[in-house]
Amino acid sequence: MSSNPVRLWVVATPLGNPGDFSPRARIVLGDADLVLAEDTRRAGLLFARCGLEAKRFVSLHEHNEAKRLPQVLEELQSGKVAALISDAGTPLLSDPGFRLVRACREAGLRVSPVPGPSAPLAALCASGLPPQPFVFLGFPPRKAGEQESFFAPYAALDATLIFFERKDRVAETLARAHGVLGPREACIARELTKTYEEFIVFRLGGELPFVDLLGELTIILGPPEKGERTPQREVSALLAQKASQGLKPRELARLVQGEVCGWTAKDVYRLLQETEDGSAPVFDG
């Protein structure tokens with residue numbers, strides 16, 4: 001065991017159910033000289049609800065993390081001990097803290113985790129989708145084009161994908177994910193460990209089995225569906241058949257992609273472009 005004392009603890013806190021607060025996490029948070037919190041007000045409420053008392057809260061969020069680093073590092077180097085928490089779950093997973101942990105490592109300060117609740121892992125293990133390998137993507141970008149680029153590297157990857165999304169954007173994001181990734185098993189986990197916890201299982205590309213969702217959402221998409229890839233000549237023929245509907249190229253690609261196997265909308269769109277500019281035949285044998 002290292003003789004270098006821990007200067008920064010990375011502490012997981014409950015997603016909702018206070019019973020998930022580990023005894024070790026309680027001890028570490030109570031002993032820390034400063035608790036670095038994404039939202040000090042919410043952290044104060046959590047501590048009060050769980051019967052804890054912090055010596056000092058210091059805000060550390062995405063908008064001030066860079067500016068906070070010199071101050072926090074100075075305190076840690078002077079001998080103080082800090083505990084980093086997020087609003088819920090495990091810090092750094094789509095939450096601030098990476099810059100701080102990296103800076104501590106570079107400065108030779110010992111960092112140690114206090115593991116516990118994690119929304120991606122909790123959602124994955126109860127979703128019924130293949131648990132490994134998996135890739136955690138964080139939050140997708142907001143714009144359509146950026147989302148397509150965001151999902152594209154994972155289209156052919158044989159892995160389960162996990163990401164977060166806000167309730168007001170989830171339907172559009174899932175539609176774009178389907179356009180890039182193709183049909184897949186899917187699950188939305190909401191209100192994890194809370195009273196109204198729910199797992200909504202469906203198929204990406206089919207009708208969504210919800211209208212309005214409340215709470216924090218974790219999305220799990222299964223790996224690419226196994227099946228014989230539709231021959232290119234059949235996809236080309238289907239493109240020619242559907243072209244009379246007057247759809248825009250990307251709309252046409254998404255429509256055809258939903259009727260074939262093993263093709264993403266991006267693949268179909270590329271074939272459509274090649275066909276139109278003459279670089280590929282409509283029927284390739």
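In this predicted model, strand 1 and strand 5 pair in the parallel sense over five bridges. Within this pairing, L8 stands opposite V111 of strand 5. Strand 5 is mostly covered, with four of its five residues buried. Strand 1 (residues 6–11) is also joined to strand 4 (residues 82–85), again in parallel, through three bridges. V10 has L84 of strand 4 as its bridge partner.

These pairings belong to an open sheet of five strands in the order 3-2-4-1-5, with parallel pairing. Strand 3 (57–59) and strand 5 (110–114) stand at the edges. Each has a single partner strand, so one side of each is left without a neighbour in the sheet. From one strand to the next, the twist averages 25 degrees.

Two helices were examined against this sheet. Helix 3 (residues 65–77) lies across strand 1, strand 2 (34–37), strand 3 and strand 4. Helix 3 runs at about 150 degrees to strand 3. Helix 4 (residues 98–106) packs on the sheet and touches strand 1, strand 2 and strand 5. The direction of helix 4 makes about 155 degrees with that of strand 1.

A further open sheet of five strands has the order 6-7-10-8-9. Here the pairing is mixed. Strand 6 and strand 9 (198–204) stand at the edges. Each of these has a single partner strand, so one side of each lacks a neighbour in the sheet. The twist averages 20 degrees from one strand to the next. Strand 8 (residues 184–190) and strand 10 (residues 217–221) pair in the antiparallel sense over five bridges. In that pairing, A186 has L221 of strand 10 as its bridge partner.

Helices pack on this sheet too. Helix 5 (residues 119–127) touches strand 6, strand 7, strand 8, strand 9 and strand 10. The direction of helix 5 makes about 50 degrees with that of strand 10. Helix 7 (residues 170–181) touches strand 7, strand 8, strand 9 and strand 10. For helix 7, the angle to the direction of strand 10 is about 15 degrees.

F136 lies in strand 6 (residues 134–136) and F164 in strand 7 (residues 160–165), so the pair ties together parts that are 28 residues apart in sequence. The relative accessibility of F136 is 24%, so F136 counts as partly exposed. F164, at 11%, counts as buried, because the cut-off for buried is under 20%.

F136 and F164 form one aromatic cluster with F139. The charged end of R166 sits over the ring of F139, 4.5 Å from the ring centre. Another arginine, R250, lies over the face of Y269, at 4.3 Å from the ring centre.

E165 also lies in strand 7. Its relative accessible area is 3%, so E165 is buried. The side chain of E165 makes a polar contact with the side chain of R169, at 3.5 Å. Leaving aside residues up to four places away in sequence, E165 touches F139, P140, Q147, V170, T173, L217 and I219.

Conventions:
Residues are numbered from 1 along each chain as its sequence is written. This is a predicted model: local features need pLDDT of at least 70, side-chain atom pairs count only at pLDDT 80 or more; totals for chains, interfaces and linings use all residues. Side-chain values use heavy atoms; hydrogens and water are left out. Buried means under 20% relative accessible area, exposed over 50%, partly exposed in between (1.4 Å probe, protein chains only). Rings of Phe, Tyr and Trp (its six-membered ring) pair if their centres lie within 6.5 Å; planes under 30 degrees apart count as stacked, over 60 as edge-to-face and the rest as tilted. A charge sits over a ring if NZ of Lys or CZ of Arg is within 6 Å of the ring centre and within 35 degrees of the ring normal. Two strands pair if DSSP finds at least two bridges between them. Axes are lines fitted to C-alpha atoms, for helices over the stretch in contact, and angles run from 0 to 180 degrees between N-to-C directions. Contact means heavy atoms within 4.5 Å. A polar contact is a pair of N or O atoms within 3.5 Å; within protein, one must be able to donate a hydrogen and the other to accept it, and residues adjacent in sequence count only if both atoms are side-chain atoms.
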